[in-house]
Structures are given as C-alpha cells and as structure tokens.
Amino acid sequence: MLRKTVLITGATGGIGSALVKKFAEAGYNIIATYNNGDITHLQNICKKCEVDLQSVKIDFAKVGIAENMLTKVIADQPALQCVICNAGISLGEKMLIDTSLDEINSIINVNLTSVILCNKIAAKHFLGQKSGNIINIASIYGIYGGSCEAVYSASKAGVIGLSKALADELGPYVRVNAIAPGYIQTAMTEGYSEQEQAEIKNRTPLCRLGKPESVADAALFLSSDEASFITGQVLEVSGGAIKF
Ligand code: NAP
C-alpha cells in the first residue's frame with residue numbers, strides 16, 4: 001500500500017519543522033517547501049522516520065512563479081492526502097499609518113494570495129481523487145485582531161474566510177480547516193522581550209507560551225479519520241488567549 005503524502009509549506013520554520021516531524025512520525029511521506037531556510041534537519045527527521053522527503057524551494061512572494069511550481073509539484077502525486085499551508089511572514093509590530101504599500105503587498109502575497117493559490121491547486125487535485133484534506137495556518141489575530149499588526153491580521157482573517165468558504169464548496173470529498181495559533185515560540189516571535197513574554201503569559205489562561213508541537217498535534221488530528229466530520233472550522237491553539 002502507498003504511504004500517504006503530505007505537502008507542508010514553510011517547512012523550515014518553527015511550526016513547519018514540528019509539522020514535518022509529527023507527520024513523518026505518523027508515517028507520511030513529506031513534500032516540504034522552503035525559501036531561504038536550511039533543510040538539513042528535515043532530511044535528518046525523515047531519514048530517522050524512514051519516510052521520503054521531497055524538498056522544493058518556492059518563494060511565495062513571487063505568486064505567479066509559486067503557482068506554476070506548486071502545480072508541477074502536486075501533479076502526479078497519487079498518494080497526496082493532505083496540504084498544509086503554513087508559510088507566513090509578519091512585519092513585527094508596526095502601526096498601519098507607518099506601513100508602506102510594498103510591505104502591505106509582501107504580507108498579502110505570502111500570507112494570503114499564495115495560500116489561496118495553493119488551496120486552488122490542492123482543491124483541483126483532491127476533487128479529482130475525491131478525497132483530501134486542506135489545513136491552513138491562520139492566527140488568533142485573524143479572529144480577534146492584533147493592534148499594530150493590522151495587515152497581518154487582515155491576511156489571516158482572509159485565510160479563515162477562505163477555509164470556511166472552501167469547506168462549503170468542496171464537501172463532501174475534501175475537508176478544509178484552519179488552525180489559529182496564539183503565541184508560539186518560534187523565530188517569528190523571538191523578538192519579544194522578557195517583559196513582553198511575561199505580559200503574554202499573564203493574559204493567557206493556561207499561563208504559558210505555546211510550543212510548535214501543539215500546532216502540529218492539532219494539524220495531525222484535523223487530518224485524521226478522528227476528524228472526519230469536521231470541516232470549515234477554526235481550531236484555536238492558543239492556551240485560551242484572545243489578546244496579547
Ligand atoms: P517561522 O519560524 O518564521 O517560519 C516561517 C516559514 O515561512 C519558514 O519556513 C519560511 O521559509 C517560510 N516563508 C517565509 N517567507 C516565505 C516566502 N516568501 N516564500 C516561501 N516561504 C516563506 O514562523 P512560524 O512561527 O513557524 O510561523 C508559521 C505559520 O504560523 C505562519 O503562517 C505564521 O503566520 C503562523 N503563526 C505563527 C504564530 C507564532 O506565534 N509563531 C502565531 C500565529 C500564527 P524559509 O525559512 O525557508 O525562508
């Protein structure tokens with residue numbers, strides 16, 4: 001029997017690496033996209049788990065090229081069962097009035113337009129095989145909004161809208177869900193000071209910061225048969241936090 005395959009974008013990052021590890025341990029072959037990161041640790045994880053790794057360098061800021069490359073990668077993948085759109089960027093905290101059009105375009109291209117295109121390509125493939133799972137990594141900022149992260153919040157709200165609409169459109173064959181992480185310890189959030197981290201913990205009902213593995217656990221659950229009646233949902237992995 002063919003092993004299942006999962007495609008994970010942004011696989012080199014904190015959450016992406018945890019996703020690769022979790023799915024490799026569950027026996028999935030991995031297609032990993034990266035941009036400037038190092039894939040050596042992904043190769044080691046997949047070797048240890050005895051699963052295949054296909055790595056593809058794709059820059060999601062260049063949406064047209066990214067669409068063509070993803071189309072080629074996803075074609076001819078008979079065992080592809082899950083696509084996780086995880087690649088994303090943030091400008092850090094910045095007021096909207098100080099944000100340039102170039103910065104707005106770069107966030108929207110990577111966090112939203114590329115996710116829409118990746119969902120489109122995955123949807124076509126999964127409809128053809130009458131099964132499949134799409135999981136989009138959003139953010140609690142896409143639900144509650146984050147002060148000084150307005151464009152990022154808008155991009156993630158777009159990802160949530162996309163996931164809900166597509167779940168309706170692609171049922172009953174394809175499930176589409178989003179995960180909304182809260183504060184997760186990765187490169188994206190390493191700029192927070194000790195004091196800011198203490199404030200975040202104070203505002204989080206579970207009184208701690210999140211680990212990338214918790215997001216990966218949620219993704220593996222959403223991709224599994226145990227979640228076979230779940231679609232169009234946003235699973236918050238945030239320790240209960242709604243605002244930082
Ligand atoms: P991260 O460690 O900074 O990783 C980001 C990933 O996105 C990297 O693999 C990076 O690739 C990839 N990426 C960035 N720009 C790209 C581009 N132009 N083209 C292709 N790939 C690109 O961040 P993370 O914390 O793991 O975040 C993963 C996802 O979770 C993001 O969508 C983020 O918005 C979301 N999220 C994170 C948090 C958090 O607290 N960390 C909270 C809510 C939501 P390379 O490294 O190869 O360049």
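This note goes through the predicted model point by point, from confidence to single residues.

1. **Ground rules.** The model is predicted: local features need pLDDT of at least 70, side-chain atom pairs count only at pLDDT 80 or more, and totals for chains, interfaces and linings use all residues. Residues are numbered from 1 along each chain as its sequence is written, and side-chain values use heavy atoms, with hydrogens and water left out.

2. **Confidence.** pLDDT is the predictor's confidence in each residue, from 0 to 100. The chain has a mean pLDDT of 97, and 100% of its residues reach 70 or more. Confidence is highest in β5, at 99, and lowest in helix α7 (residues 194–202), at a mean of 92. Where pLDDT is low, predicted coordinates should not be read in detail.

3. **Overall build.** The chain holds eight helices and seven strands. Helices (H or I, at least four residues) and strands (E, at least two) are DSSP runs, numbered from the N terminus. The C-alpha trace spans about 50 × 35 × 35 Å along its principal axes. The radius of gyration, taken over C-alpha atoms, is compared with a globule rule of 2.2 Å times the number of residues to the power 0.38. For 244 residues, a compact globule would come out near 18 Å; the chain has 17 Å, which agrees.

4. **Packing and surface.** Of the 244 residues, 48% count as buried. Buried means under 20% relative accessible area, exposed over 50%, and partly exposed in between (1.4 Å probe, protein chains only). A contact means heavy atoms within 4.5 Å. Among contacts with a separation of 6 or more, 72% come from residues 24 or more positions apart. The accessible surface is about 11,900 Å², and 54% of that belongs to carbon and sulfur atoms. Accessible areas come from the Shrake-Rupley method with a 1.4 Å probe; for residues, only the protein chains shown count as cover.

5. **A buried asparagine.** N136 sits in strand β5 (residues 132–137). N136 is buried, with a relative accessible area of 0%.

6. **Salt bridges.** A salt bridge is a side-chain nitrogen of Lys or Arg within 4 Å of a carboxyl oxygen of Asp or Glu. The count is six. In one of them D217 pairs with K22, with the closest N and O atoms 2.7 Å apart. D217 lies in helix α8 (residues 212–223) and K22 in helix α1 (residues 14–25), so the pair ties together parts 195 residues apart in sequence. D217 is partly exposed, at 40% relative accessibility. K94 pairs with E103 at 2.6 Å, and K94 is partly exposed at 28%. D59 and K62 meet at 3.8 Å, N to O. Both partners are partly exposed: D59 at 26% and K62 at 48%.

7. **A nonpolar surface patch.** I143, Y144 and I242 form a nonpolar patch on the surface, with about 250 Å² of accessible area together. Patches are made of residues with over 30% relative accessible area and no salt bridge; like charges are joined within 9 Å, nonpolar side chains (Val, Leu, Ile, Met, Phe, Trp, Tyr) within 5 Å. I242 lies in the segment after β7 (234–237). I242 is partly exposed, with a relative accessible area of 46%.

8. **Helix α7.** A198 is found in this helix. A198 is partly exposed, at 37% relative accessibility.
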